[in-house]
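Please read each point with the structure open beside the text.

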Amino acid sequence: NDDDSEPPKKKAKQGHCGLDRSDYINASEKFALLLCQSGRCKKAKKGLASIGFTCRLAKRVLDYPEESEERGSHSSSTNAEKFPKLSNTRYVEMWAHNRPHASGHQLHFDSDDEGRGGIRNPIISTILYIADGDEEIAGGPSMVTNQKLSDEKLATKGWMSSPKPYRLVAFDGKYLHGVVPGKGIREGRRVTLMFAFWDDIKIRRGLGKGSARPFPKNVLPPWASQLVKPEDSHARGASNQYANCKAAEPIVLDRVYETLGGKAWKKHEMPAYDEVFQGF
């Protein structure tokens with residue numbers, strides 16, 4: 001080309017970086033989580049707004065402190081003292097989760113049969129972290145809020161508990177709760193066993209997937225055999241196996257939600273569920 005004219009500019013590609021809308025949103029959410037969990041929540045603001053979010057979990061939730069950084073005080077109260085209605089328990093429902101480190105669990109309410117036929121919450125819900133010996137457990141903390149299903153605004157307070165071997169988390173079953181995605185890279189799985197304590201619940205017969213199935217009788221599958229295995233009273237320290245158990249206060253959150261810009265969420269209206277960024 002002998003003249004001084006500039007070469008023609010390439011036309012910008014249309015669409016979302018060559019991805020369809022669904023893949024683009026998924027990639028954007030993962031990138032936003034990475035930013036938030038590395039102390040750069042403000043850099044995620046524009047991207048989250050572009051895919052329809054109006055607020056998010058607070059920076060201190062997504063970029064949660066490690067428990068060694070912020071320990072709670074110990075208390076001597078028992079579940080029976082904190083939850084007096086626990087004495088009304090007639091049924092216990094149980095289920096399990098097995099998640100990779102970076103996988104969270106959306107905020108939700110525990111309810112009989114997933115809320116079909118009307119919402120009924122358990123007296124209390126509990127989370128037991130399962131480990132092989134004293135190995136560290138992968139995954140993010142459990143979070144419980146002060147938000148009930150009948151509330152017309154988002155939660156104003158929350159509490160988090162980090163996964164620790166054999167730690168038991170107990171809370172009033174009517175409150176919104178979930179799991180924060182784990183930060184960084186860690187091998188292993190986040191394995192938890194949940195128990196919901198009910199004054200009454202319908203037992204649903206059947207062998208397939210479903211809620212409130214009856215506990216197996218007669219011939220037990222391996223998982224059930226382990227749960228009903230009698231305690232070895234001759235094992236060393238068996239009579240004193242709970243002596244080292246202690247109650248610990250959770251990490252207290254003075255806010256659960258923030259605007260995309262990082263300010264406390266003070267609006268009175270409830271945003272749509274899919275407008276709240278939870279990290280996934």
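1. Phe215, Trp223, Leu227 and Val228 make a nonpolar surface patch of about 380 Å². A patch here is made of residues with over 30% relative accessible area and no salt bridge, where like charges are joined within 9 Å and nonpolar side chains (Val, Leu, Ile, Met, Phe, Trp, Tyr) within 5 Å; a salt bridge is a side-chain nitrogen of Lys or Arg within 4 Å of a carboxyl oxygen of Asp or Glu. Accessible areas come from the Shrake-Rupley method with a 1.4 Å probe, and for residues only the protein chains shown count as cover.

2. This is a predicted model, in which local features need pLDDT of at least 70 and side-chain atom pairs count only at pLDDT 80 or more, while totals for chains, interfaces and linings use all residues. Residues are numbered from 1 along each chain as its sequence is written, and side-chain values use heavy atoms, with hydrogens and water left out.

3. Phe215 sits in the loop between strand E10 (189-198) and helix H5 (222-227), and with a relative accessible area of 36% Phe215 is partly exposed (buried means under 20%, exposed over 50%, partly exposed in between, with a 1.4 Å probe and protein chains only). Helices (H or I, at least four residues) and strands (E, at least two) are DSSP runs, numbered from the N terminus.

4. Thr192, which lies in strand E10, is buried at 2% relative accessibility. Leaving aside neighbours within four places in sequence, Thr192 is in contact (heavy atoms within 4.5 Å) with Trp95, Ala96, His97, Ile127, Leu128, Tyr129 and Ile130.

5. How many disulfides are there? The count comes to 0, where a disulfide is a pair of cysteine sulfur atoms within 2.5 Å. Cys36 is in no disulfide, and the nearest cysteine sulfur, that of Cys41, is 3.0 Å away, which is too far for a bond. Cys36 is buried at 0% relative accessibility, and Cys41 is buried with a relative accessible area of 4%.

6. An open sheet of 3 strands runs in the order E13-E1-E14 with mixed pairing, and its edge strands, E13 (257-259) and E14 (276-277), each pair on one side only. Two strands pair if DSSP finds at least two bridges between them. Strand E1 (residues 55-57) pairs with E14 in the parallel sense over 2 bridges, and Arg56 stands opposite Phe277 in E14.

7. As a whole, the protein chain has 5 helices and 14 strands, and 34% of its 280 residues count as buried.
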